[in-house]
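Here is a short briefing on one protein chain.

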Amino acid sequence: MAKIDPEAKQKQSEEDNQRKKDVTYHHKPDAIADYTIDGQQINIRSENNIELQVAVHTDEIIQLKYVFEGDKPSNFSYAIDPEFNPKNPDFAIRETTNHIEIATDSLTCRVSRKDMKVSFWDSDGALLCKDKKPFFRKDTIMKGITKIKITKEAPEGTHYFGLGDKITENGLRGESFENWNTDSYAYELEEHRDPLYRSIPFYHALNSDGNAYGIFLDNTYRSHFDFDSNDNNTCTFSADGGCMNYYFIYGPEPTTVSERYAKLTGTPQMPPLWGLGYHQCRWSYYPEERVRKLADNFREKEIPCDALYLDIDYMDDYRVFTWNRDRFPDPKQMISDLKEQGFETIVMIDPGIKVDNDYEIYQQGLENDYFCKRPDGELMIGPVWPPKTVFPDYTHPEVREWWADLYKDLLTEKGVSGVWNDMNEPAVFEVKAKTFPNDIRHHFEGEQVSHKKAHNIYGMQMARASYEGIKKHKQGKRPFLLTRANFSGGQRYAALWTGDNIANWEHLRHALEQCVRLSISGYSFTGTDIGGFIEQPSAELFTRWLQLGVFHPLFRNHTMGYDAEGAEVIKEDQVEQKKLQSDADQEPWSFGEKHTRINRSVIELRYRLLHYLYTAFYQYIQHGTPILRPTAFAHPTDSNATTSRDTFLFGDKILVAPVIKKGARGRKTYLPSGQWYDYRTNELLKGGKTHKVDAPVSEIPFFVKAGTVLPLREVMQYTRERDPELLELNVYYGTQVSESYLYEDQGEGFTHNEGNYRLTTFHFESNPQENTVQLTANRNGSFVPEYQTVKINLIGLPFVPETITIDGQPVKMDQPAAEQSTYTFETEIGFSEITIS
Ligand code: GLC
């Protein structure tokens, strides 16, 4: 045995005593040492070797990335749309005593020589946004990078928007948020309120001079955003790992910022038209007789509906891609019969795979090594609906392909029309973290990373795999997919709903704000569980929520009711209360005769507005224009509009003022400048003012901008019930020149991509001095709608017309009732000019 030298031992122990649990390093850039130019990218290096890479993608989009020696920077991003087309514009580099400046035609990015602080300026020299502190990074020997952070100034008067569907009391300013996809059941409760189910690390700032810009942090780690919560005029964003990699997106209009962000991270395809109809869901409709009864009820009661959902209980013991044959003996027949009645069937698919040796999908995944593992190769197993579940690693392209093909039978054989992906945060029951531990391994397109980096995009990649599967197996049909978890860019694959909300008035208010903010965060195809998922709404609350839902692109009623098996296991604290409500239903007819009538007409209103919504969807896809917007976006310098949080814009032309207070039969509504028509009464209201408007429980106030041509569709029991015979156009008189659009196509399939669509541009012009109006229609595309007749309702005409001509021919019109000013006449579908004098 070797003898231990006591002196060496003493020395060793002294050294050991000096050692620490961990050592932390703080970094920030020193002065600029030099810079190089590499195509569109300027690499600015500090004396302590931190490189700021500034990439100029368009005149308005500049990317900033901070790279350290020893980093392994990758240009890969799940969020950026592979089809994003950088314009790679010319830019100038200017060196001044204190700065290096990179200038495009619209934007200047100024980097300080002293400490690499960055500021952005518009082409008129107005300051847009400025770093308050230099970039900061913290790393430790044991943990690696633990913080990357940017600190910006938040001047008084700057308003913040976006960041997905975060819940706030008074907007984003004054609050801080975290992005870490979380199964946040009942998210009203303080501890569940943030983080929520999805992460959209993108926000807008609107400065007091009306200039707007956006910041997108393209980093998938847990991230944090603070909008001056400490009241010291500071806005920060940071992540718990990875690279500081963000995009500065200039407007100057806030809507343009949304559009640019949506084009950077992508937009979806046109949805099938039925996807915008009314959808009925519940946890859970089973067995088959109950689903059939539900369908019959809709048709008997003549309440329009396009889709019915099957929640987890259709599966055989929560094995995804299987059927419980006791409950659904012949799913194919049932789905086909429902289809005959005009219902699309949408089924839930969760990510978790039951651990079960007799289950083929589990076997396949195991054999091919498709499931997520711990660092030492052990499977990640946790309880979700089945007590033991494994989870496919959707960050592996091969796993996504396998997953996509699992849909084949459901879509081609059983005839399912759409898919609903849930629990993909990924949710894990029983543990506090509600998800995987941080050290689970993921393929991440070959990068091999831990869950810290992959967590926030897990749901997005599941949605992507499902989307690919639906596209592949739905044979020429447009995919309809709904997901709960997601990340920036995930709008390319799926619609989303805001998760497990509660049937109370507070959540109705959240619903209003959440969908608007998602929409300006690139995510327009959204909705909430109408009526509330947890607990039961009163008749009044349900109707008010349904009315709001009319203006949400996803129009889906969903509730947990209480016949859901499995809920007892998971949500023990609520069992007793729920049992009492076991029979409570949340269908449009569940609240008595009077409300059935009201709810029917509310849903009919949605079907009336489908042309307009479909057109707004087209504009979203083409230009990234959000379907919903805060009122502030239309009037960024109007201080009343910037603080209006209880109204919103639906498309270009409609302002919605939902009733979100119990018992309210009217409300105050601020209408921004211009003139607005109350859709319900055709009353003309002046903008730039607050109005008191009536809102009986049967009505939701909404207002149409003067000069608008609003297309209205015939009410049908489901979108494809029959070809419409008529297109109605409400023409709202105004004194401003105005353009309106109508987009039409087959509502299904892809021929619109080959030109089989029709985009009509209506140009409205009036001459108030001479009492004349001219309306022209220009059409693009080869699609020919089935209807032959166009009915025109001319609203708000301030004079009695002597003649109306259509393409030069005088027309006969109905005489309006004495006190009205609406003139109605019909014409043929191809008219190009109407003159009124
Ligand atoms: C989750 C979903 C909810 C669904 C339930 C059962 O709570 O958010 O929508 O009904 O799981 O699948």
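Domain bounds here come from an automatic or database domain assignment. The model is predicted. On that assignment the chain is divided into domain 1, domain 2, domain 3 and domain 4.

**Domain layout**
- Domain 1 spans 24–265.
- Domain 2 is written in two segments, 276–352 and 392–590.
- Domain 3 covers 624–705, and domain 4 covers 723–836.

**Contact between domain 2 and domain 4**
- The centres of domain 2 and domain 4, taken over C-alpha atoms, are 39 Å apart.
- Four residues from domain 2 and six residues from domain 4 take part in the contact.
- Together the two domains bury about 450 Å² between them. Carbon and sulfur atoms carry 52% of that area.
- On the domain 2 side, Gly476, Lys477 and Arg478 supply 92% of the area buried against domain 4. That is more than any other three residues supply.
- One salt bridge is counted between domain 2 and domain 4.
- Arg478 and Asp745 meet through their side chains in a salt bridge, at 3.0 Å from N to O.

- Met142 lies in the loop between strand E10 (127–140) and strand E11 (144–153).
- Is Met142 buried or exposed? Met142 is exposed, because its relative accessible area is 61% and the cut-off for exposed is over 50%.

Notes
Residues numbered from 1 in each chain as written. Predicted model: local features only at pLDDT ≥ 70, side-chain atom pairs only at ≥ 80, totals over all residues. Heavy atoms only, no water. Helix = DSSP H or I, 4+ residues; strand = E, 2+ residues; numbered from the N terminus. Buried < 20%, exposed > 50% of the residue type's maximum accessible area, 1.4 Å probe, protein only. Contact = heavy atoms within 4.5 Å. Buried area = accessible area lost by both parts, 1.4 Å probe. Salt bridge = Lys/Arg side-chain N within 4 Å of Asp/Glu carboxyl O.
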